[in-house]
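Hi,

Here is the structure I promised to pass on. Have a look at it first, and then read my notes below.

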Amino acid sequence: QNSLLVSVAINNYSDPNLLKFEELRILGATGEITSVTVYHNDVVQTHPLRINYDAAKKATLITGLQLELGKSYTVKWQQGFSANKRFDCHPSPNATKEKCEQLGCVWEEISVPNAPYCYYSSANPYYLENIQYSPAGVTADLTLGSSRGRANEASTAPLSSLRLEVKYHLPNMLQFKIYDKQSPRYEVPVPLNLPNSTIDPNQDRLYQVSLQIKPFGIQIQRNSTGTVIWDSALPTFTFSDMFLQISTRLPSQYVYGFGEAEHPTFRHDLNWHTWGMFTRDQPPGYKLNSYGHHPFYMALEEDGNAHGVLLLNSNAMDVTFQPTPALTYRTIGGILDFYVFLGPTPELVVQQYTELIGRPVMPPYWSLGFQLCRYGYTNDSEISQLVNEMKAAGIPHDVQYSDIDYMERQVDFTLSANFSGLPALINRIQEQEGMRFILILDPAISANETVYPAFSRGVQNDVFMKRPDSTEILYSKVWSFLPNVQVNESLPFDVQIELYAAHAAYPDFFRNSTVEWWKREILEVYNNPNPEKSLKFDGLWIDMNEPASFLNGAVDGCRNDLLNNPPYMPQLGSRELGLAYKSPCMEGQQHLPDGTPVRHYDVHNLYGWSQTKPTLDALQNATGERGIVVTRSTYPSSGKWAGHWLGDNTAAWDQLTKSVIGMMEFSLFGISYTGADICGFFQDSEYELCVRWMQLGAFYPYSRNHNGKGTRRQDPVSWNATFVEISKNVLNIRYTLLPYLYTLMHDAHAQGSTVVRPLLHEFVEDKKTWDIYEQFLWGPALLISPVMQKSTVTVRAYFPSAHWYDYYTHENIGAKGEFRVLAAPLDHINLHIRGGHILPWQTPARTTFYSRKNPMGLIVALDDKLFAEGHLYWDDGVLIDAYEKGAYLLTSFTAAQNVLDIKVLHGGYTDPNNLNFTDIKVLGVPTSASRVTVSQNGGAIPSPHSVVYNSIKQLLTITGLQLQLGQNYTLQWS
C-alpha cells in the first residue's frame with residue numbers, strides 16, 4: 001500500500017540511450033500525497049522530486065524521478081490529509097491511537113484546534129447494486145462490502161443490506177431516503193404535504209442527481225450553474241442500528257440554521273464545530289442543546305443561489321461543520337430521510353420548506369400587542385395592580401399572563417386560593433379594557449393526590465407514558481408539589497424536589513384518548529359551572545414540554561442502560577450523564593394514533609410537537625376564536641399551530657443579539673411568531689439594558705416582557721417616568737405599524753414568507769449581507785437597527801443598495817451599499833423604510849381592541865424609478881381560518897410616478913368600524929406637488945383633504961382624506 005515496486009525480471013539488454021523513468025502519475029489517490037521516497041537496494045536516492053496534487057481529479061503527478069531502465073527501485077509515498085480534508089473517525093470522547101486503529105483509521109496528531117486526530121483513510125464500505133432509473137427518481141440496493149475493515153461495537157455494526165430511494169417530488173424539491181431493506185425501522189410520524197404524484201417528466205427540474213456506485217455516494221447538482229450542492233461520496237457513511245452517519249461537501253462556507261441552540265452568529269462557523277440536537281429543559285447557552293429539534297439548514301452558494309436541506313429524523317443527533325467545507329450528521333436511530341429545496345433565493349427556500357412541513361399559524365390580531373408576564377406573582381391583586389398602573393401610565397398593554405403561580409401547588413387545571421379573584425380579574429380586563437389573558441399549562445400531571453380528577457380520568461383513559469410492555473406508569477418529578485407540606489424555599493432546588501415534589505406522569509399526546517382527555521380538562525377550566533373557578537383565557541402557553549424532568553429519568557430509576565447511555569452519545573450538554581439527563585427514561589413506551597408502540601428514545605424530540613395541535617384545538621373549542629398557543633418545545637411543522645419564545649434567557653447584554661439570531665433561525669424553521677423574554681428571565685435586569693431591550697422587543701413579532709421568580713420587577717411601570725415615556729413611544733410605533741405586521745403574518749401563513757427577515761433574504765446579491773445579524777427587517781420594507789451594547793449612543797448600521805428613508809424624519813438618508821454610524825440616544829431606536837414599498841398603518845391606542853377602530857394611513861416610499869407597492873390583509877382579527885374561509889379583505893397599493901392606485905383584490909370582509917385611510921405620506925417626491933385629485937371608477941370625486949409638500953425632505957403629506965377601507969381609489973398629485 002502507498003508504494004510502487006519496480007522489479008527487473010530479466011536483464012540481458014542495456015539501452016544505449018540511458019533511458020530513465022522521470023514522471024509518475026498516480027490516479028485515484030483519496031488523499032494528498034505529501035512526500036515521496038525512492039529506494040535502490042534499500043538505499044534512499046536523492047532525486048529532485050516535485051509533487052503536484054489535483055484534489056478534484058484525485059490525481060498526483062510526481063516529476064524529477066531518475067529511475068534508470070534496467071535497475072530495481074521501490075517508490076514509497078505518504079498520504080497526508082490536510083486538516084480540512086479529515087473526517088472524524090472517533091467522534092466519541094477520549095479518542096486514543098489504539099482505539100483509532102481498531103476502527104481501521106489513521107491517528108495523526110495535529111495542531112489545528114478541534115480538528116480530529118483520528119480520521120478515515122479508506123472509502124466507505126457500501127456500494128450500489130440493482131439501480132433502477134425512472135422519470136420520477138431512482139431506486140437501488142446498498143450493499144456492505146466484504147472488506148469490513150472497520151471494527152464496530154455490537155449495536156453499531158453496519159447493516160449489510162440497505163435500500164436507497166430518490167424521489168423527484170417537484171421541479172424545486174427532491175427526497176432521498178436510505179433505510180434497512182430487511183427489517184422495518186422507526187420512521188418519523190410527522191405528516192408532510194407531499195405532492196400526490198411525482199414530477200411531470202416534461203417539467204424542467206432545477207437539479208440533477210448522480211450516484212457513485214463504489215464507494216457509495218449521492219451528488220445533487222444545480223442545473224442552471226453546475227454547482228454541486230450535495231456530495232456524500234465520502235468515507236464517513238455508515239448505517240447501523242444505533243449509529244447512522246453521513247457527510248456532505250458544502251458548496252460554500254455560508255450555512256445557516258440547525259437548532260435549537262444559542263448560536264453566537266447567524267452564519268455558522270465551519271472551523272470544527274459540533275452542535276447537538278435533543279430537546280431538553282436547557283436555558284440558552286453556548287453548545288447546549290435546548291428546547292427544540294430542527295435538523296434543517298439553508299446554505300448559500302458562492303454565486304448567491306440558495307438551497308435548503310431537511311433531515312427528517314427525530315432521534316438525538318449532532319452535526320459537525322468543518323472547513324473543507326463539509327458537514328457530518330450523526331444520529332442514533334431511525335432512518336436517513338432527506339428533503340432538498342432548490343430555492344434559488346433564500347425566501348423561496350423557506351417557502352418551499354414550509355410548503356412541505358406546513359405554513360406558519362395565523363395569530364389573532366390582539367396577540368401582536370404588547371404582553372406582560374412574570375413567574376412569581378404572589379396573588380391576583382398584584383396582577384390587578386400592574387394592569388391598573390400600565391393603564392394609568394398610558395402604556396400599550398394587550399395581554400396579561402399568569403405563570404404557574406395561579407395553580408394550587410403548580411398542579412394543572414387547579415386554582416390557588418391566593419388567586420381566587422383571578423376569574424373576575426380576567427373578565428374585568430376583557431370587558432372593560434379590551435385586553436386578553438393567557439394561562440400556562442405544563443404537560444406533567446401530579447400523580448400522588450388524594451383526589452385529583454385530571455389524574456384519575458387520565459388513568460381511566462390510559463393516557464400516560466408507561467414502562468415498556470407493562471401497565472406501570474413511568475413516574476418522574478416536575479413542578480407539582482405534594483399536598484399539605486410547607487415548602488422551604490431557602491433550600492437548594494434539587495433538595496426541594498426530593499422532599500416536596502409529587503410523582504408526575506407524562507401524558508402521551510400521540511394517543512387519541514390523550515387528545516380527548518386533554519381537551520376535556522382544558523374545557524373544564526374554561527367552562528367551569530362555578531363562575532368563581534371559570535378562567536376565560538384567550539390563549540395557552542405550554543411550557544416544560546421537551547418533556548422536562550427534575551429527576552434524571554424516573555422516580556425509581558431507568559432500566560435500559562443501552563437506550564439511556566447509547567454506544568454513541570451525541571455531543572449534547574452534560575454528555576456524560578446520558579439521554580435521561582433532565583428527561584424521562586428513554587425506554588418509556590408511547591403509542592401512535594394507530595396503536596403502534598414507539599420508544600421514547602425515538603420520539604422524545606416530538607413530545608412538544610405532539611402536544612401543540614391538541615392544545616390549539618382545545619383552545620379554539622373553548623373560546624370559539626383563533627387564539628394563540630405559545631410552545632417551548634418545537635419540531636419541524638410546530639409552526640402550523642403555535643408560536644415560540646426563545647426560553648429562559650438571562651438579563652445580559654449578549655442576549656439581545658442572540659435573540660435576533662434566534663428569531664432569524666426560527667424564520668428559517670417556519671415559526672414566525674417568535675420573540676425572547678424582554679429584559680431577561682434570569683437575574684435582575686438593569687435600567688439601560690431594559691430600555692434597549694424594550695426598544696428591540698417592540699419589534700419582536702411576539703413582544704412579551706417576562707422575568708423569573710426572586711428577581712426585581714422589570715415591567716415598564718417599575719422603573720421611572722423616563723422609562724415609561726420611552727416604552728410608550730416605542731410601543732406606539734409598534735402599534736402604528738400593526739396593520740403592516742399583521743399583513744406580514746398573513747403572507748407567512750399563506751405563502752410561507754418570513755416576517756423577521758435577515759438582510760440576505762432581500763439583498764442576496766450583496767455579499768456583505770451574508771454576515772449581518774445585528775440588524776433585521778420586518779418583511780421586505782422596514783429595517784430595524786437596534787443598539788445592543790452597553791453605554792452606547794450610536795449604532796453602526798449597514799444599508800444595502802436601495803433608497804432608505806428615516807422612519808421619523810421621512811428623509812432619504814442617501815446611503816447605498818455602505819455602513820453608517822447613526823446617532824442612537826437612549827430614547828431612540830433607528831428605523832428605516834426601504835424605497836419601493838408601501839406600509840399601511842393605523843393610529844395607535846392602548847390596546848388593539850381600540851386601535852382597530854382608529855383611522856388608517858399609508859407611508860409610500862418611492863424608489864429611484866418613483867415606484868412603490870404594498871398590500872394590506874385585514875379580517876376581524878379573531879375568526880378561526882378567516883383566510884381559508886375567504887372572510888378577509890386584501891387590498892393592494894401601487895404607486896408609479898405621480899399616481900397611487902388602491903385596489904381591492906379580495907372583498908370578503910367589511911369592517912364594522914367604517915375605517916378610512918385619512919393620511920398618506922409620499923416619500924421621495926422629487927418635484928413640488930400642491931394638488932391631489934382622488935378618483936373612483938375613472939372619475940374624480942370630491943375630497944376634503946389638505947396637501948403639504950416639503951422640498952427639503954421631498955415629502956408629500958396628504959391629510960383629511962376619507963378613503964373607505966374596502967373600496968378602490970386612484971390618487972394623482974401634480
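**Salt bridges and who is buried**

R185 is buried, with a relative accessible area of 18%. Keep in mind that this is a predicted model. The cut-off for buried is under 20% relative accessible area, so R185 at 18% falls on the buried side. Its salt-bridge partner is D241, with N and O 3.0 Å apart. D241 counts as partly exposed, at 36% relative accessibility. The two come from distant parts of the chain, 56 residues apart: R185 is in the loop between β13 (173-180) and β14, and D241 is in the loop between β17 (238-239) and β18 (244-249).

In total, the structure holds 48 salt bridges. Here are some others I'd look at.

- E262 and K658 form a salt bridge, with their closest N and O atoms 3.2 Å apart. This pair also links distant parts of the chain, 396 residues apart, with E262 in the loop between β19 (255-259) and β20 (273-277) and K658 in helix α11 (residues 654-668). E262 counts as buried at 11% relative accessibility, while K658 is partly exposed at 22%.
- R467 and E587 meet through their side chains at 3.5 Å, N to O. They sit 120 residues apart, R467 in the loop between α5 (453-460) and β30 (475-476), E587 in the loop between α8 (561-564) and β33 (589-591). Both residues are buried.
- D281, D543, E546, R632 and D648 belong to one network, joined by salt bridges that share partners.

β14 (residues 207-212) runs antiparallel to β15 (residues 217-222), and six bridges join them. The link between these two strands is a hairpin of four residues, and Q212 has G217 in β15 as its bridge partner. I220 stands opposite W230 in β16.

**Nonpolar cores**

Which residues touch the most other members of the largest nonpolar core? They are L422, F699, L900 and L971, in a core of 209 residues. Leaving out residues up to four places away in sequence, F699 touches V730, I733, R734, F776, W778, L782, I784, I829 and L831. There is also a second, separate core of 48 residues, including I178, V255, M277 and L342.

**Aromatic rings**

The whole structure has 54 aromatic pairs. One of them is W517 with W518, a tilted pair at 5.9 Å centre to centre and 40° between the planes. Both count as buried, W517 at 3% relative accessibility and W518 at 0%. Y883 and Y888 have ring centres 5.3 Å apart and planes at 45°, so this pair is tilted. Here Y883 is partly exposed at 29%, whereas Y888 is buried at 10%.

W517 and W518 are also part of one aromatic cluster, together with F413, F455, F464, Y506, F509 and Y607.

Two charges sit over rings as well. The charged end of R704 is over the ring of W541, 4.4 Å from its centre, and that of K177 is over the ring of Y179, 5.7 Å from its centre.

Cheers

Key. Residues are numbered from 1 along each chain as its sequence is written. This is a predicted model: local features need pLDDT of at least 70, side-chain atom pairs count only at pLDDT 80 or more; totals for chains, interfaces and linings use all residues. Side-chain values use heavy atoms; hydrogens and water are left out. A nonpolar core is a set of buried Ala, Val, Leu, Ile, Met, Phe, Trp, Tyr and Cys residues joined through side-chain atoms within 4.5 Å. Buried means under 20% relative accessible area, exposed over 50%, partly exposed in between (1.4 Å probe, protein chains only). Contact means heavy atoms within 4.5 Å. Two strands pair if DSSP finds at least two bridges between them. Rings of Phe, Tyr and Trp (its six-membered ring) pair if their centres lie within 6.5 Å; planes under 30 degrees apart count as stacked, over 60 as edge-to-face and the rest as tilted. A charge sits over a ring if NZ of Lys or CZ of Arg is within 6 Å of the ring centre and within 35 degrees of the ring normal. A salt bridge is a side-chain nitrogen of Lys or Arg within 4 Å of a carboxyl oxygen of Asp or Glu.
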